[in-house]
Amino acid sequence: MNVKKYLYALLTGSTDLVDVVGSNGIVSSYPNEVKTFPCVIIEDVNASDEEFNDNLPNAESVQCRIHIFSKMVKGFAKCEDIAEIVHSVMKNDYWAMTGNNDSADVDDNIRHRVLDFKREFFHA
């Protein structure tokens with residue numbers, strides 16, 4: 001399973017999220033430097049085989065991390081508002097949120113929120 005491709009299609013398919021961050025604001029790889037605000041970055045953390053039968057996996061356990069960056073100035077969407085949309089999209093696709101961390105860079109007026117998710121995919 002290509003997790004990044006799956007998540008990219010899932011998040012870009014959300015009109016609510018695209019309306020807030022723009023079509024170029026959702027990326028499937030971490031850039032060397034974040035220059036677009038607000039933005040959502042998809043990080044594939046871990047995928048492992050699960051539920052074995054005759055030494056063949058029947059499922060895959062997937063973990064991902066979603067990074068949200070926004071400016072803390074008027075006119076930019078708040079990280080927590082974007083996080084609510086991302087959480088709703090992921091929850092509706094049966095992902096469980098396992099982490100929700102927030103940090104601010106007050107010198108540059110940037111807020112960074114990290115959401116961790118996990119989901120089991122069972123093979124047919």
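The legends below describe close-up views of a predicted model.

**View 1. Packing of helix 1 against helix 3 in the predicted model.** Two packed helices are described by the angle between their axes and the distance between the axes. Here helix 1, covering residues 3-12, and helix 3, covering residues 79-92, pack at an angle of about 115 degrees, and their axes are 10 Å apart. The crossing of these two helices is right-handed. On the side of helix 1 the contact involves Leu7, Leu10 and Leu11, which meet Val86, Val89 and Met90 of helix 3. By residue class, this contact of helix 1 with helix 3 consists of six nonpolar residues, with no polar and no charged ones.

**View 2. The largest nonpolar core and the elements that supply it.** In soluble globular proteins, nonpolar side chains tend to be buried together. The largest nonpolar core of this model has 23 residues, of which Leu11, Leu17, Val40, Ile66, Ile68 and Val86 touch the most other members. At least two residues of this core come from each of helix 1, helix 2 (15-21), strand 2 (39-53), strand 3 (56-71), helix 3 and strand 5 (110-122). Helix 3 provides the largest share, namely seven residues. Apart from this core lies another one, of six residues, including Val34, Phe37, Phe69 and Ile110.

**View 3. The surroundings of Val40.** With neighbours within four places in sequence left aside, Val40 is in contact with Leu11, Leu17 and Val21, with Gly25, Ile26 and Val27, and also with Ile66, His67, Ile68 and Ile82. Val40 is also one of the residues that touch the most other members of the largest nonpolar core, a group that includes Leu11, Leu17, Ile66 and Ile68.

**View 4. His67 and its polar partners.** His67 lies in strand 3, and it is buried because its relative accessible area is 7%, where the cut-off is under 20%. Its side chain is joined to that of Glu43 by a polar contact of 2.7 Å, and a polar contact of 2.9 Å links the side chains of His67 and His112. When residues up to four places away in sequence are not counted, His67 touches Tyr30, Cys39, Val40, Ile41, Glu43, His112, Arg113 and Val114. The C-alpha atoms of His67 and Ala83 are separated by 9.2 Å, the two residues being 16 residues apart along the chain.

**View 5. The cis peptide bond between Phe37 and Pro38.** Most residues other than glycine have a negative phi, and most peptide bonds are trans. The bond that joins Phe37 and Pro38 is cis, with omega about -10 degrees. Pro38 lies in the loop between strand 1 (26-27) and strand 2, while Phe37 is among the residues of the six-residue core.

**View 6. Positive phi values at Tyr94 and Asn109.** Tyr94, in the loop between helix 3 and strand 4 (96-105), has a phi near 70 degrees, a positive value in a residue other than glycine. Tyr94 counts as exposed because its relative accessibility is 66%, where the cut-off is over 50%. Asn109, which lies in the loop between strand 4 and strand 5, has a positive phi near 55 degrees and is likewise a residue other than glycine. With a relative accessibility of 33%, Asn109 counts as partly exposed.

Definitions and conventions: Residues numbered from 1 in each chain as written. Predicted model: local features only at pLDDT ≥ 70, side-chain atom pairs only at ≥ 80, totals over all residues. Heavy atoms only, no water. Axes fitted to C-alpha atoms, helices over the stretch in contact; angles between N-to-C directions. Helix = DSSP H or I, 4+ residues; strand = E, 2+ residues; numbered from the N terminus. Left-handed = near helix turned anticlockwise from the far one by under 90°. Contact = heavy atoms within 4.5 Å. Nonpolar A, V, L, I, M, F, W, Y, C, P; charged D, E, K, R; others polar. Core = buried A, V, L, I, M, F, W, Y, C linked by side-chain atoms within 4.5 Å. Buried < 20%, exposed > 50% of the residue type's maximum accessible area, 1.4 Å probe, protein only. Polar contact = N/O pair within 3.5 Å; in protein donor to acceptor, adjacent residues only side chain to side chain.
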